[in-house]
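Hi,

Here is the structure I said I would pass on. Have a look at it first, and then read on for my notes on how the chains meet.

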Amino acid sequence: MTATVKYDEVEVGQEIPVVDYNVRRLNLVMYAGASGDFNQIHWNERFAKMVGLPDVIAHGMYTMAQAGRFVTDWAGDPGAVVDFGVRFSSMVVVPDDDQGATVSVSGVVEEKLEDKRVVIGLTARSGDQKVLSKARAVVQLS
Amino acid sequence: MALNRDFVGRTYSPSAPYEVSRVKIREFAAAIGDNNPLYRDKEAAQAAGYPDVIAPPTFPIVFSLQSGGEALVDPDLGLNLAMVVHGEQRFEYVRQVCAGDQLVTTATITDIRTAGRNELLTVRSEVTTVDGEPVCVTYNTIVERGGAG
């Protein structure tokens, strides 16, 4: 369990390039089943609109999972993530079409801690909206 | 209607053990579209130093709300579940969740507060193995939209 990224080779301010993740209705249905979160706002357009939402929205945890994947792909080992937290600042609206929505994740090395750990600040956007805020992961580098 | 502040500080009984299976991890990884072999291939996971396949970082959401879940449907809390969205989530990992783990979750409601027109409720869940080995701690904040009105 070792990250492929070396602590000595990263610098504060270093940017991790953006990756786009697609989310379609099918992903939300699969995520509902896998996570056990069957809240209708994530798959039932009629219900979502009835409770005042513009359309079906992605599970916040689906978006967080994409940000997690961004970090683990960068670090090279999922076990390298020692702390991971986000605030869901706006919703990812997922239209019922073949395009779905796009979540764009990027990162920056915000801080170098002791014991070869770094703080990665994450940004996730969908359309013009920032969908995660205060998103950060602490990663154990090698 | 505001949520009942009397619920702050309540700790719920530990959950029944949740057995982490390779199949569930694979299903979860497929749902989030992550093809990392450590989530699917036991040999790859062992080559990386893990006892079995490991779970993605956000996997503990699958079981971590089990123990406090009863609070959310308690009529005395006053939560309108139809208006709930996820507000914040954090995981502190002691070690990675692995297939074969038998995990027990103990949830505590740590905070209920008003933010604008919304009500926010935070649950802290400690996840350990059945033998008491710490695995992770999760913090979940849900938002009841319009709940403060």
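Let me start with one pairing: A:Asp83 has B:Glu92 as its bridge partner in strand S2 of chain B. Keep in mind that this is a predicted model.

Now the contact as a whole. Chain A puts 33 residues into it and chain B puts in 34. About 2700 Å² is buried between the two chains, with carbon and sulfur atoms giving 55% of that. On the chain B side, the residues that lose the most area to chain A are B:Ala31, B:Ile32 and B:Tyr93, which together make up 18% of what that side buries.

As for the polar side of things, 14 residue pairs are in polar contact between chain B and chain A, counting pairs with both residues at pLDDT 80 or more. Two elements of chain B give two or more residues each to the side touching chain A: helix H1 (22-31) and strand S2 (84-93). Of these, S2 of chain B gives the most, with 10 residues. By type, the residues on that side of chain B split into 19 nonpolar, eight polar and seven charged.

There are also two salt bridges across the interface. One of them links the side chains of A:Arg87 and B:Glu88, with an N to O distance of 3.2 Å.

Cheers

Definitions and conventions:
Residues are numbered from 1 along each chain as its sequence is written. Chains are lettered from A and ligands numbered from 1 in the order in which they are written. This is a predicted model: local features need pLDDT of at least 70, side-chain atom pairs count only at pLDDT 80 or more; totals for chains, interfaces and linings use all residues. Side-chain values use heavy atoms; hydrogens and water are left out. Contact means heavy atoms within 4.5 Å. Buried area is the accessible area (1.4 Å probe) that two parts lose on being put together, summed over both. A salt bridge is a side-chain nitrogen of Lys or Arg within 4 Å of a carboxyl oxygen of Asp or Glu. A polar contact is a pair of N or O atoms within 3.5 Å; within protein, one must be able to donate a hydrogen and the other to accept it, and residues adjacent in sequence count only if both atoms are side-chain atoms. Helices (H or I, at least four residues) and strands (E, at least two) are DSSP runs, numbered from the N terminus. Ala, Val, Leu, Ile, Met, Phe, Trp, Tyr, Cys and Pro count as nonpolar, Asp, Glu, Lys and Arg as charged, and the others, Gly among them, as polar. Two strands pair if DSSP finds at least two bridges between them.
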